[in-house]
Amino acid sequence: MDPITSNILLVWLTFFGACIGSFLNVVIYRLPRGKSLSNPPSHCPKCGHAIRWYDNVPVLGWLWLGGKCRDCQEPISIRYPIVESVGGLVFGTIAYLTLQRDVDASLFELFLFVLGMSGLVLTFFAAGLIEKDDQKIPWKLFLPAMVLILPWMVIRPTEVFVYGIAIVIATSCLHFLLYFFSPRQKTITPLMILAAMTFAMIVCILS
Ligand SMILES: [Zn+2]
């Protein structure tokens, strides 16, 4: 892939990731509460007004509204743009790493690989936030990432393994940061750290 195409792809995937982050905000709130993900469309939780499409642009929408609802002027949680930024950052980083290595991969293959790996990271991130909200993590949350990653476990098992280690370590750090700001007795953080240490140990033994 030539440098111009790969740079355009990188920017596009980062923006796509921010949009996934925006959707993740909806999933984190609605899925554990058994609410529909599509209905009603995005609205202000305080005054109920629908969010206009141009205010719904990830991160930028929150910035140009000054963190306040356009209709009732009530503050919108900073968590929304943070989750959107994390989405963009995760997709952008994984896309960059994949583009560096897989120079011969087709566009479609590259997209599906980045989607699978980023989906896995963001699923664990969302699980942490759901737990932070004192909600039960629904099993359905893991379904899309599992479906997306399954074919890669067969096609590229070594890469999935290496990425798996990196993902576990990265999400453990994210969860640690989350709980650093809001320390409470939780189960997922110690479990993630334990998993990261086990993976690291296996790698050390095998290498
Ligand atoms: Zn409002």
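Colleague: Take the crossing of H3 and H4. What is its handedness, and which residues of H3 and H4 meet there?

Modeller: The crossing of H3 and H4 is right-handed. Keep in mind that this is a predicted model. Helix H3 covers residues 79-101, and its axis lies 9 Å from that of H4. The two pack at an angle of about 140°. An angle over 145 degrees would count as roughly antiparallel, and 65 to 115 as roughly perpendicular. H3 and H4 are therefore oblique to each other.

Now the residues. H3 brings Val 86, Gly 87, Val 90, Phe 91, Ile 94, Ala 95 and Thr 98. H4 answers with Leu 110, Phe 113, Val 114, Met 117, Ser 118, Val 121, Leu 122 and Phe 125. By class, the contact of H3 with H4 has 12 nonpolar residues, three polar and no charged.

Pick one residue on each side. On the H3 side, take Ile 94. Ile 94 has 25 other C-beta atoms within 10 Å. The cut-off for buried is 20 or more, so Ile 94 is buried. Leaving aside neighbours within four places in sequence, Ile 94 is in contact with Val 114, Met 117 and Ser 118.

Not counting residues up to four places away in sequence, Val 121 touches Val 90, Ile 167, Ala 170 and Thr 171.

The largest nonpolar core has 31 residues. Phe 91, Val 114, Met 117, Val 121 and Ala 126 have the most contacts inside it. H4 gives the largest share, 12 residues.

H4 has another partner to look at. H4 and H5 pack at an angle of about 140°, with their axes 8 Å apart. That makes H4 oblique to H5. Here the crossing is left-handed. From H4 come Phe 113, Leu 115, Gly 116, Gly 119, Leu 120 and Thr 123. From H5 come Pro 144, Ala 145, Leu 148, Ile 149 and Trp 152. The contact of H4 with H5 divides into eight nonpolar residues, three polar and no charged.

Follow the chain out of H4. H4 runs over 107-132 and H5 over 143-155, and Ile 137 sits in the loop between them. Ile 137 has 18 other C-beta atoms within 10 Å, so it is partly exposed. Setting aside neighbours within four places in sequence, Ile 137 is in contact with Ala 127, Ile 130 and Glu 131. Ala 127 is 10 residues from Ile 137 in sequence, and their C-alpha atoms are 6.1 Å apart.

Step back to the whole protein. There are seven helices and zero strands. Of its 207 residues, 28% count as buried. Among contacts with a separation of 6 or more, 66% join residues 24 or more positions apart.

Most residues other than glycine have a negative phi, and most peptide bonds are trans. The peptide bond between Asn 39 and Pro 40 is cis, with omega about 0°. Pro 40 is in the loop between H1 and helix H2 (60-64). Val 59 is in the loop between H1 and H2. Val 59 has a positive phi of about 60°. It has 19 C-beta neighbours inside 10 Å and counts as partly exposed. Gln 73 lies in the loop between H2 and H3. Its phi is positive, near 65°. Gln 73 is exposed, with 11 other C-beta atoms within 10 Å.

Methods: Residues numbered from 1 in each chain as written. Predicted model: local features only at pLDDT ≥ 70, side-chain atom pairs only at ≥ 80, totals over all residues. Helix = DSSP H or I, 4+ residues; strand = E, 2+ residues; numbered from the N terminus. Buried ≥ 20, exposed ≤ 12 C-beta atoms within 10 Å, placed from the backbone. Contact = placed C-beta atoms within 7 Å. Axes fitted to C-alpha atoms, helices over the stretch in contact; angles between N-to-C directions. Parallel < 35°, antiparallel > 145°, perpendicular 65-115°, else oblique. Left-handed = near helix turned anticlockwise from the far one by under 90°. Nonpolar A, V, L, I, M, F, W, Y, C, P; charged D, E, K, R; others polar. Core = buried A, V, L, I, M, F, W, Y, C linked by C-beta atoms within 7 Å.
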